[in-house]
Number of protein chains: 2
Amino acid sequence: MQAETEPLKRGPELAPQWPRRPSSVLAGSREGLAAVTAALTGAVGSALAVARWPSGPMRAGTPADVLAAARTALGMEGIPTEGMGAEAALARIGKVLVEYGLHLSHPHAVAHLQPPPLAVAVAADALASASNASLDTYDSGPSAIAVERWLIGGLIELAGLGAQADGVLTPGGSMSNLMGLLLARDAAALRRGIDARRQGVSALPGPVVLCSELAHFSIQRACAALGLGEDAVRLVPTDARRRMRPDALAAILRELPPEHTPLAIVATAGTTDFGSIDPLPQIAAIAAEHGVWLHVDAAYGFGALFSERLAGKLHGLSLADSVTLDLHKLGWQPAATSVLLVSNASNFSALEREVAYLNPVDDADAGYEGLLGRSLQTTRRPDAVKVAATLLAHGRRGLGDMVDTCHDLAKHAEQRINAEPELELVAPAELTTVVFRYRCSEEPEREDEINGAMRRRLMETGTALIGRTSVRTEGPGSPERVCLKFTLLNPTTTPEDLDALVDAVLAAGRACTPRLQKGAA
Amino acid sequence: MQAETEPLKRGPELAPQWPRRPSSVLAGSREGLAAVTAALTGAVGSALAVARWPSGPMRAGTPADVLAAARTALGMEGIPTEGMGAEAALARIGKVLVEYGLHLSHPHAVAHLQPPPLAVAVAADALASASNASLDTYDSGPSAIAVERWLIGGLIELAGLGAQADGVLTPGGSMSNLMGLLLARDAAALRRGIDARRQGVSALPGPVVLCSELAHFSIQRACAALGLGEDAVRLVPTDARRRMRPDALAAILRELPPEHTPLAIVATAGTTDFGSIDPLPQIAAIAAEHGVWLHVDAAYGFGALFSERLAGKLHGLSLADSVTLDLHKLGWQPAATSVLLVSNASNFSALEREVAYLNPVDDADAGYEGLLGRSLQTTRRPDAVKVAATLLAHGRRGLGDMVDTCHDLAKHAEQRINAEPELELVAPAELTTVVFRYRCSEEPEREDEINGAMRRRLMETGTALIGRTSVRTEGPGSPERVCLKFTLLNPTTTPEDLDALVDAVLAAGRACTPRLQKGAA
């Protein structure tokens, strides 16, 4: 046949001096992967060996000083015209990160729900980066899709959700919450005959989202982004253990005027400050009674499911319509590794899109399908890879043991704080946080100021990185007081490390109390 | 003083058998970083040396086969109770990624705006992962904040935005577009006396977003998410070069009834399929005349600014109110590395939040401030680190040379396609893509089907990974036809590689044309 015998044509010789670049400049090939590891062991390794690692969790200095020094260490203003080569660049960046960054693996880094990541997760994440797979279409990353589907299946089982459940990874807990509320919003609109996707929400009467007064601020922020407005959020009071009061929730729903549309109840499984877990079974019963979507923000608390000892605290999670969980919190992953689970895969329909260049019908019919229809993202980094490696490496038990260790550390901190007359335990250890307050009998009127100042002092001296928050210490309606917080997420920390941390806190408290200082002087 | 002389108390001995974990289990310490690199060179290195690397850009097989094989290679259903250790886990995951994933550094991987990432970027990204810094507060990552601010400054300069400009990294171009439209929405509402953040958008009369018919689908999706509805989007026709027609845009705005609120004009600088760039100066003049926010989606095109030869195509970008740019496209970064720039830092005010546990006033006054107020995220991965390393390593010129190479490749492909009677060039190379179509005189009525089938055939044989889309090949109003696409983002590819790719496409076309096959049989 003509088509088979016709000689193949060649294009014109465009570039006689065509630039030849070594394949090792790219990360994904055999040579490239070798180049990545060689760079990390070679140039970076040498630079980090001589870098000035802080002795504490961070460099001493004021923020202005540290940021200016980091900027100076970057060595130039603006994008340079000529490059310095990969080795020199990596050595410089590595030095900046180490000398002016946080050291989350230091036992005195206890500020945020930001764990020191596991080595296995970071190594796997580097492989994921090198692959540059994306989850949106089959032909942007088949193996990454297989890994994510495997992980989602495992997490659904852990959560106790049923055979209809599904899920997707997102760039963070705030985004998972936003997506959960988006699905809830569009489902509620549909029940009122409104296609929110096409028509928007202006025809949706009085949208209401209910959550406890201790829910994460991303709920309000999501309502603002979704066009509902922050005023759509009704805050349900909490009980003495800082959990949503089901009676109060039921009362608000009962008294909601008919021209309102309750879109979702958001229960929190692990409040940021206290780790308190709303009573999920009771809340789920109320949600079912009123036909309202139940979203559980388990960004922090989900990891308790890895622990046999603590898993029971999440009882009722399986009754949720959607769940946020962050494995970059109790899961020791580098950020971001957030997941949105839904009880029914069809709930994702609000996100489905058909795009000519991504998922045309004939391709989909032939099995060429990605995960575009579960996300607000198009290109999506394969964050499941590092989690899969971690779960294979450590197993559920390995992670559970780490959760238990951090819980034990929190319990130890709680007891130590209770034993110190200068410290007041504000909230006991529910998961892995402890909230407390430095009491200052010399200047009780300045306690808020002093608690804030002592945290900053600990940072400016590079001694410790602890958390803070504002809490109604005297119960509902009382004024908020500045409190301090330990967020214990380092499974290599020991009770002795914590004792030294409490000592440092006490010393900072004394140093920040002017009358004590004056007396000492 | 009592406080200074009182002996420090110790907490009770909670755990006599306290678990001792080696510090190398965590990635961030000296020992941990060494463990990460050791794992990559050791276990993974050995596994990848014996892995069955595909000879082409992907493994041969149907999607169902490949996904099933990848799943089998993971080796288990569900989360294992006991772990297998980090080395074995990494070896297994690495093998799955290599054997069933894409190889974007293969010259025949030309489907999507998904480049093979640079080795220097991947190595730096591993350091970023190990640090687990976050951008939301000062005390979640000072050095990462310094690096991001440095990068944003450099990108603002490159974009030609003024001294008031600001920016932030986001999890992808779709999210940057969503955020740009959110800022535009809330600014337009405020001009109508509506506080959209609190009140939502229901009081906002007839919101309208204008973009060309070739704008990315994420614009519609963002409007749905933001509560405006996809119907808010008005598609402006394009000219023969697939650019927005300013006269048509002006006409739509002129004829918009007064009860409507134009929120934003979205100009595209680099359409996904064609790389076409809307006429920015004319569109900016129309936006200014009508007082409408101009968002430029330069997700793809921004990278042309690295090239002296192509930078002029972006003329007018500096007139935008907000800009989306993706360095995980023309920038060779692993995903995601998207940026939203704004012409005026005060535009971020819609996103500002004060949170007790993150940015209390007294901390902010003392300089303890992060970048929470620029983002919808809370925890935010330090994606700027890899870009900073890349820019230091290769400089603007190095990246510009890569852009030029890919542009030259597209030009070469264009000429080669023009020289082949069986191929029809549908759109010439504007940036680094070429759209074409296999013509089949034997069965012209089945050309759409054949073009779709030949792309799948190239994937199922593991030969090549090319793009496809649907295009009105006969001008405005004509039916959409299935077309094929090369997206050339590999700077190590040569014209000879492309010639071989075109040969493979021709062979696939012939193999997918039943009458040719029948004749041959």
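Predicted model: local features only at pLDDT ≥ 70, side-chain atom pairs only at ≥ 80, totals over all residues.
**Exercise 1. Domains of chain A**

Task: Into which domains is chain A divided, and how far apart do the C-alpha centres of domain 1 and domain 2 lie?

Solution: Domain 1 covers 30–102, domain 2 covers 126–392 and domain 3 covers 395–513. Next, take the C-alpha centres of domain 1 and domain 2 of chain A: they lie 37 Å apart.

**Exercise 2. How the two chains are related**

Task: Which rotation and which shift superpose chain A on chain B?

Solution: Let's begin with the general idea. Two copies of a chain are related by a rotation about an axis and a shift along it. Here the rotation is 180°, the shift along the axis is 0.0 Å, and the RMSD is 0.0 Å. That is the relation of a two-fold axis. The same surface serves both copies, since 100% of the contact residues of chain A recur in chain B.

**Exercise 3. α6(A) against α3(B)**

Task: Describe the packing of helix α6 of chain A with helix α3 of chain B, from geometry to residue classes.

Solution: First, the geometry. Helix α6 (residues 142–159) of chain A packs with helix α3 (residues 63–74) of chain B at an angle of about 55°, and their axes are 9 Å apart. This angle makes α6(A) oblique to α3(B). The handedness comes next: α6(A) and α3(B) cross in a right-handed way.

Now list the residues. On the α6(A) side are Pro142(A), Ile145(A), Ala146(A), Val147(A), Arg149(A) and Trp150(A). They meet Val66(B), Leu67(B), Ala70(B), Arg71(B) and Leu74(B) in α3(B). Sorted by class, this contact of α6(A) with α3(B) has nine nonpolar, no polar and two charged residues.

**Exercise 4. α6(A) against α4(B)**

Task: At what angle does α6(A) pack with helix α4 of chain B, and which residues meet?

Solution: Helix α4 of chain B spans residues 86–100. The angle between α6(A) and α4(B) is about 135°, with the axes 7 Å apart. The two helices, α6(A) and α4(B), are therefore oblique to each other. For the residues, Pro142(A), Ser143(A) and Val147(A) in α6(A) meet Val96(B), Leu97(B) and Tyr100(B) in α4(B). The class count for α6(A) with α4(B) is five nonpolar, one polar and no charged residues.

**Exercise 5. A helix pair within chain A**

Task: How do α14(A) and α15(A) cross, and what classes of residue make up their contact?

Solution: Helix α14 of chain A runs over residues 447–460 and helix α15 of chain A over residues 495–511. Their axes come within 9 Å and cross at roughly 120°. That makes α14(A) oblique to α15(A), and the crossing is right-handed.

Ile450(A), Met454(A), Arg457(A) and Leu458(A) of α14(A) meet Ala504(A), Val505(A), Ala508(A), Gly509(A) and Ala511(A) of α15(A). In the contact of α14(A) with α15(A), seven residues are nonpolar, one is polar and one is charged.

**Exercise 6. Backbone points to check**

Task: Is the peptide bond from Ala335(A) to Ala336(A) cis or trans, and where does Ala336(A) sit?

Solution: The bond from Ala335(A) to Ala336(A) is cis, with omega near -5°. Ala336(A) sits in the loop between β7 (322–326) and β8 (338–342) of chain A. Then turn to chain B, where the bond from Ala335(B) to Ala336(B) is cis, with omega near -10°.

One further residue is worth a look: Arg242(B) has phi near 65°, a positive value in a residue other than glycine. Arg242(B) belongs to the loop between β4 (233–236) and α10 (246–255) of chain B.

Key. Residues numbered from 1 in each chain as written. Chains lettered and ligands numbered in written order. Heavy atoms only, no water. Axes fitted to C-alpha atoms, helices over the stretch in contact; angles between N-to-C directions. Helix = DSSP H or I, 4+ residues; strand = E, 2+ residues; numbered from the N terminus. Parallel < 35°, antiparallel > 145°, perpendicular 65-115°, else oblique. Left-handed = near helix turned anticlockwise from the far one by under 90°. Contact = heavy atoms within 4.5 Å. Nonpolar A, V, L, I, M, F, W, Y, C, P; charged D, E, K, R; others polar. Domains from an automatic or database assignment. Least-squares fit on C-alpha atoms with pLDDT ≥ 70 in both.
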